[in-house]
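Please look over the sequence and the model shown here before reading on. The report then goes through the structure part by part.

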Amino acid sequence: MQIIVTDQNGTVHELEALEGWRVMEVIRDWGLNIKAECGGSCACATCHVYVDEAWEDRLNPPTDEEEDMLDTVADVKENSRLSCQILMSDDLDGLKVTLAESARQDEEAA
Amino acid sequence: MTGNEIVTDVIIIGAGPVGLFAVFELGLVDLKCQVIDILDRPGGQCAELYPEKPIYDIPAFPEISGQGLTDNLMKQIAPFGAEFHFSQMVTNVEKLADGGYRVTTDADQTFVAKVIVVAAGGGSFQPKRPPVPGIEAYEGKSVFYAVRKMDEFRDQDVVIVGGGDSALDWTLSLEPIARSLTLVHRRDQFRGHADSVNKMRALVEEGRINFVMGQLGRLEGENGQISEVVLNTKAGEMGIPGTRLLPFFGLTMKLGPVADWGLELHENALIKVDTEKFETSAPGIFAIGDINWYPGKLKLILSGFHEAALMAQAAKRIVHPDEKVVFQYTTSSTKLQKKLGVA
């Protein structure tokens, strides 16, 4: 099972994923640039990704809580999701996402 | 500066759960603490990121919220009379000739102590900066992440961005004095208090403020002064007049000035410590909780509690080098119980 992640520099990574892992955890485990500062509890938005068009409808829709957290980033698009809220399963083998600027570990604070 | 300088045994930087528990462990060995935090209340990440989220891995608490944990810790450390200095960030740490340290905050408060405990978690919480090109040049002049002086906004074209309580509260507070006020949010749902949302919607109805569904695109202006805020909306780009911009996208953690204190770091992000005392490369400066690193480190609250206990033993030896440290249990020592106010 794998996911295909484009990082903020445009580099594409094919990452081995495990069933039941959060997509955020897979990305973090492989050392890509993701801050994920709340650790996966849907309490920040620093694991923000854009989901590839072909996959958008195949994910569970975001909860109200996730939508609320997406309010705290300024680069939201129609296909924005928090990667900590996507659980890996067989159905998602091959999932394609792109890391948002607002997920950077060195994300700009003022 | 020396006029209001505070002299104490230990300066704790960070009032998260681990910083708070450090007050307890230091208190048991008779060390007095001053606690500094950039937030306006205790709790750190527990208060700022997940006050209502249940935590399941605190020993003896099958389930406790971030706020509940913070409240309990505040109760537990109350007997030790630590003093708190909130809404301040430590900017400078200076080594003194006698081996102690002087710490200065951005509120110009200074502290002197033999021991510093850095319990700063993921660093200091600072406002998120939206990814708008060139926004830095306007910050502090026409773009603000907090309202310090309301007068800055009087008779201005104010643009507020965000959907939470900060955005809503300031929309309501600044509307009477602003020349015009536009609230911008990516969707027509708000996560702020229902009452504030209703009040805001009433102002829109009355034509006293504008609401635009969209996101920040770019800024026009010169010499630090914005003149127009260009938004990305479903209908395309839309420019609105703006002479003051308030983006409210919450807070994020940043290592901040800690990086400049000359402490040995791990991967430029965490403070290296030993696992006997949790002391940094600078004698007398300890680091506990999420901000430290040692082989096998786990970022767990309970690890931070353990680190606080061992740190306190070492801190005691530094502050009172002539006293013998006797290890005692709170269950059996009347001395400790007296300190806790229970005997």
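What follows describes the chains, their contact, the sheets and hairpins, the nonpolar core and a few single residues.

## Basis of the model

This is a predicted model, in which local features need pLDDT of at least 70 and side-chain atom pairs count only at pLDDT 80 or more, whereas totals for chains, interfaces and linings use all residues. Residues are numbered from 1 along each chain as its sequence is written, and chains are lettered from A and ligands numbered from 1 in the order in which they are written.

## Overall build of chain B

Chain B holds 7 helices and 23 strands, where helices (H or I, at least four residues) and strands (E, at least two) are DSSP runs numbered from the N terminus. Its C-alpha trace spans about 70 × 45 × 40 Å along the principal axes. Of the 343 residues in chain B, 41% are buried; a residue is called buried if 20 or more other C-beta atoms lie within 10 Å of its own, exposed if 12 or fewer, and partly exposed in between, with the C-beta atoms placed from the backbone.

The domain assignment divides chain B into domain 1 (2-126 + 252-339) and domain 2 (129-249), with bounds that come from an automatic or database domain assignment. The C-alpha centres of these two domains of chain B are 37 Å apart. Among contacts in chain B between residues at least 6 apart in sequence, 60% join residues at least 24 apart, a contact being a pair of residues whose C-beta atoms, placed from the backbone, lie within 7 Å.

## Contact between the chains

The contact takes 24 residues from chain B and 19 residues from chain A. On the side of chain B that touches chain A, the elements that give two or more residues are β11 (124-127), β15 (215-222) and β19 (251-254) of chain B, and the largest share, 3 residues, comes from β19(B). By class, this side of chain B has 10 nonpolar, 7 polar and 7 charged residues; here Ala, Val, Leu, Ile, Met, Phe, Trp, Tyr, Cys and Pro count as nonpolar, Asp, Glu, Lys and Arg as charged, and the others, Gly among them, as polar.

## Sheets and hairpins

In chain B, an open sheet of 3 strands has the order β15-β16-β17, with antiparallel pairing; two strands pair if DSSP finds at least two bridges between them. Because β15 and β17 (236-241) of chain B stand at the edges, each with a single partner strand, one side of each is left without a neighbour in the sheet. The twist averages 25° from one strand to the next, with axes taken as lines fitted to C-alpha atoms, for helices over the stretch in contact, and angles running from 0 to 180 degrees between N-to-C directions. Strand β16 (residues 225-233) of chain B is joined to β17(B) by 6 bridges, and V229(B) has I240(B) in β17(B) as its bridge partner.

Elsewhere in chain B, the antiparallel strands β7 (residues 90-95) and β8 (residues 101-105) are joined by 5 bridges, and V93(B) stands opposite V103(B) in β8(B). These strands form a hairpin with 5 residues between them, in whose turn G99(B) has a positive phi of about 95°. In chain A, strand β1 (residues 2-6) pairs with β2(A) in the antiparallel sense over 5 bridges, and G10(A) in that hairpin takes a positive phi near 90°. Strand β2 (residues 12-16) of chain A is hardly covered, the count of buried residues among its 5 residues being 0.

## Nonpolar core

The largest nonpolar core has 118 residues, of which A22(B), I116(B), V117(B) and V118(B) touch the most other members; such a core is a set of buried Ala, Val, Leu, Ile, Met, Phe, Trp, Tyr and Cys residues joined through C-beta atoms within 7 Å. Domain 1 and domain 2 of chain B both give residues to this core, so it lies between them. Not counting residues up to four places away in sequence, V117(B) touches several residues, including V10(B), A22(B), F286(B) and M311(B).

## Single residues in loops

M89(B) lies in the loop between β6 (83-85) and β7 of chain B and is partly exposed, with 18 other C-beta atoms within 10 Å. The C-alpha atoms of M89(B) and D106(B), 17 residues apart along the chain, are separated by 5.5 Å.

Most residues other than glycine have a negative phi. D108(B), however, has a positive phi of about 65° although it is not a glycine; D108(B) is placed in the loop between β8 and β9 (110-113) of chain B and counts as exposed, with 10 C-beta neighbours inside 10 Å. N268(B), likewise not a glycine, has a positive phi of about 60°, and N268(B) is exposed, with 8 other C-beta atoms within 10 Å.

Notes: Two residues are in contact if their C-beta atoms, placed from the backbone, lie within 7 Å.
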